[in-house]
Amino acid sequence: VVPIKAEMRTKIPGIVHDVSASGATVFLEPRELVELNNAVKVVDLEVDREVKRILQELSALVAQLVPVLLDCLAGLARLDCITAKAGLRRLVGGQPVVLNDSGRVLLRKARHPLLVLARDHVVANDLTLEEPVRVLVISGPNTGGKTVTLKILGLFALMVRAGLQPSCGVDSEMALFQQVYADIGDAQDLTKDLSSFSAHMTQMVTLLELAAAQSGEGHRTSPGTLVLLDEPVTSTDPAEGAALAEALLLRLADLGIKVVVTTHYNSLKALAQTTPGFLNASVEFDIATLSPTYRLFIGIPGGSSAIEIAGRLGMDESILEQAVSLLRREDLSLEQMLSELQDKQRRLDQDVARIAQLKAESDAAAQEARSLADRLRQSEREDRKAAKKKVTEELLHARAEIQSVLDGLKRERTLLKAREAKERVADIEAQVRTRLVPASESVPLERLKAGDRVEILGLGAIGTLLESPEQKKRVRVRVGDTEMSVGVTQLAGLFGTEADPTSGSARRAPTRPGPSSRPWPRAEDDTETVLDLRGKTAEEAVEMTISALDRATLGGASWVRVIHGHGTGRLKAVLRNYLKESPYVARFRPGERGEGGDGVTIVELKAS
């Protein structure tokens with residue numbers, strides 16, 4: 001469309017679509033453009049029809065999947081609900097609770113969710129309501145938290161039914177109530193001619209009708225019903241109101257309904273204190289600061305503290321004094337008694353908390369002590385390993401030196417070389433004793449007595465001393481089940497002595513004729529060394545005998561008792577053939593009957 005000024009007076013063939021208000025301009029579509037515009041319009045219509053067709057086909061395809069899509073939508077809704085529940089749990093500090101259908105309520109550190117959302121610090125309380133308790137009567141001052149406690153219980157009952165985690169502590173338990181009834185606040189309605197009292201009574205009548213219908217033919221209802229009453233039967237004569245409230249609570253308890261009620265009536269407090277199935281509770285009021293603490297005490301009633309609260313809110317002092325003078329003596333005494341009870345309960349709770357703290361500190365200290373003991377034992381084990389490694393290294397070194405001395409002695413078997421070897425071995429023993437047994441860890445030889453623990457330095461063995469080493473060159477020592485004669489210079493006393501009742505004097509055997517003037521020893525001779533070769537091969541036995549004779553000679557022993565057994569006789573023959581040629585042996589003989597018979601050989605060593 002092309003606008004043409006009327007004053008141009010030009011004839012242009014086309015279609016006039018519009019004229020301006022002044023008539024000076026005409027909106028003209030030239031004839032040459034009509035066909036083109038028509039073609040464009042047709043194409044636009046075809047595009048619209050194609051789009052509509054495609055959308056209809058797609059809609060038909062989607063329509064076939066409606067059940068699946070609805071299921072997905074429901075799943076998304078459930079996920080969204082779960083996400084919302086998780087978000088609420090984080091905001092209010094919710095915890096999972098154990099559910100039951102027996103009407104039992106065990107809430108630990110319960111807090112009102114709305115208060116948690118609105119404040120940084122909220123006083124947490126424990127709330128217990130379990131069998132045989134049917135009615136919980138909460139008393140205490142105004143603004144003290146009675147109604148908040150009531151709402152906490154009702155809100156938690158609804159939250160767990162909706163799958164929400166209430167803001168309480170761990171190990172809490174909540175009943176799954178099927179019905180929850182509440183009469184909280186003032187329900188007066190002028191349009192219905194209902195005063196505060198009549199509005200409450202109407203709700204109570206409805207509640208009793210519902211409860212009676214559920215009980216059916218006089219049977220008690222299940223514990224699946226919870227009733228919350230905030231100061232029932234008020235706004236009327238106090239005496240009549242208290243009597244009516246008492247009768248109402250008794251009826252509800254008889255129907256088996258769980259009831260939590262707040263009140264200022266002293267008669268209801270007395271009812272809860274004396275009637276089975278009823279329990280008192282109270283919110284605390286701090287007289288010292290004239291302010292509520294919002295703490296809940298189970299088991300004791302509370303005073304209203306109305307005069308104190310009025311003074312805190314700015315009431316004239318003279319009015320307060322007159323109000324106190326107008327109180328009946330028994331009412332004043334009751335208020336004082338309840339105040340003292342709450343004070344005692346507060347101190348008791350403080351003591352319990354202090355005891356719990358001390359117990360926790362004691363447990364922590366005990367755990368730390370156990371940990372320290374474990375570390376000390378581990379350190380001791382590591383020290384023992386290190387000491388054992390050191391002892392092993394020192395013993396290997398000493399044995400290498402002794403073996404070198406013995407090799408030299410074998411090459412030159414002379415008395416002078418034997419004495420030099422003996423002195424050298426004594427020096428090695430002294431060096432080992434100095435390195436392995438520091439003076440601060442050993443007991444001097446002059447202080448040793450029978451029964452003390454000693455270490456045989458040459459062997460690296462621990463034994464029990466069987467006799468005092470005083471004025472002796474050799475003493476008897478028990479190592480395990482074996483007794484042996486050891487030179488005093490080879491011993492080191494150890495701390496931690498133990499008495500041994502087996503100590504005693506040695507007996508000497510009678511002499512018998514032979515090439516030597518010394519007597520033949522018996523098994524108990526205190527200068528004897530015992531060598532047990534049973535179970536050894538002939539080659540092993542000869543090697544062990546050579547080593548034993550070397551040690552016995554260097555140690556100054558006089559006799560060696562060799563136990564070889566009977567067997568085939570080969571071990572005995574090989575052993576005695578060697579003894580005939582040994583430079584250390586003066587003579588040898590078979591053992592007597594009491595010494596083991598022919599399974600034992602008694603060897604007398606040459607004097608060094």
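Which helix holds Ala84?

## Starting point

Ala84 is found in helix 2, which spans residues 66–92. Helices here are DSSP runs of H or I with at least four residues, strands are runs of E with at least two, and both are numbered from the N terminus. Ala84 is partly exposed, at 49% relative accessible area. The cut-offs are these: buried means under 20% relative accessible area, exposed means over 50%, and partly exposed lies in between (1.4 Å probe, protein chains only). Leu164 sits 80 residues from Ala84 along the chain, yet their C-alpha atoms are separated by 9.6 Å.

This is a predicted model, in which local features need pLDDT of at least 70, side-chain atom pairs count only at pLDDT 80 or more, and totals for chains, interfaces and linings use all residues. Residues are numbered from 1 along each chain as its sequence is written, and side-chain values use heavy atoms, with hydrogens and water left out.

## The whole protein

The protein has 13 helices and 23 strands. It contains 608 residues, and 36% of them are buried.

Contact means heavy atoms within 4.5 Å. Take the contacts with a separation of 6 or more: 63% of them join residues 24 or more positions apart.

## Two nonpolar cores

A nonpolar core is a set of buried Ala, Val, Leu, Ile, Met, Phe, Trp, Tyr and Cys residues joined through side-chain atoms within 4.5 Å. The largest one has 26 residues. Val105, Leu107, Leu153, Phe156, Met174 and Val260 have the most contacts inside it. Elements that give two or more residues to this core include strand 5 (105–110), helix 4 (146–161), strand 8 (173–175) and strand 12 (278–286). Helix 4 gives the largest share, seven residues. Apart from this core lies another, of 24 residues, among them Met201, Leu207, Leu249 and Leu252.

Look at Met174. Leaving out residues up to four places away in sequence, Met174 touches residues including Val97, Leu99, Val105, Leu107, Leu153 and Phe156.

## A buried Asp

Asp230 is found in strand 10. Is Asp230 buried or exposed? Asp230 is buried, with a relative accessible area of 14%. Not counting residues up to four places away in sequence, Asp230 touches Thr147, Leu150, Asp183, Ile184, Gly185 and Thr262. Asp230 and Val260 are 30 residues apart in sequence, and 8.4 Å apart in space from C-alpha to C-alpha.

## Two helix pairs

Two packed helices are described by the angle between their axes and the distance between the axes. Axes are lines fitted to C-alpha atoms, for helices over the stretch in contact, and angles run from 0 to 180 degrees between N-to-C directions. Angles under 35 degrees count as roughly parallel, over 145 as roughly antiparallel, 65 to 115 as roughly perpendicular, and the rest as oblique. A crossing is right-handed if the near helix is turned clockwise from the far one by less than a right angle, and left-handed if anticlockwise. For residue classes, Ala, Val, Leu, Ile, Met, Phe, Trp, Tyr, Cys and Pro count as nonpolar, Asp, Glu, Lys and Arg as charged, and the others, Gly among them, as polar.

Helix 6 (residues 238–254) packs with helix 7 (residues 266–274) at about 30 degrees, their axes 9 Å apart. The two are therefore roughly parallel. Helix 6 passes helix 7 in a right-handed crossing. Helix 6 brings Ala242, Ala245, Glu246, Leu249 and Leu250 to the contact, and helix 7 brings Ser267, Leu268 and Leu271. Six of these residues are nonpolar, one is polar and one is charged.

Helix 12 (residues 538–554) and helix 13 (residues 570–581) cross at roughly 40 degrees, and their axes come within 10 Å. This pair is therefore oblique. Helix 12 also passes helix 13 in a right-handed crossing. Among the residues in contact are Ala538, Val542 and Leu549 of helix 12, and Arg570, Val574 and Tyr578 of helix 13. The contact residues divide into ten nonpolar, one polar and two charged.

## Backbone exceptions

Most residues other than glycine have a negative phi, and most peptide bonds are trans. Lys109, in strand 5, has a positive phi of about 55 degrees. At 57% relative accessibility, Lys109 counts as exposed. Val233 has a positive phi near 55 degrees and lies in the loop between strand 10 and helix 6. At 2% relative accessibility, Val233 counts as buried.

Which peptide bond is cis? The bond from Glu131 to Pro132 is, with omega near 5 degrees. Pro132 is in the loop between strand 6 and strand 7.
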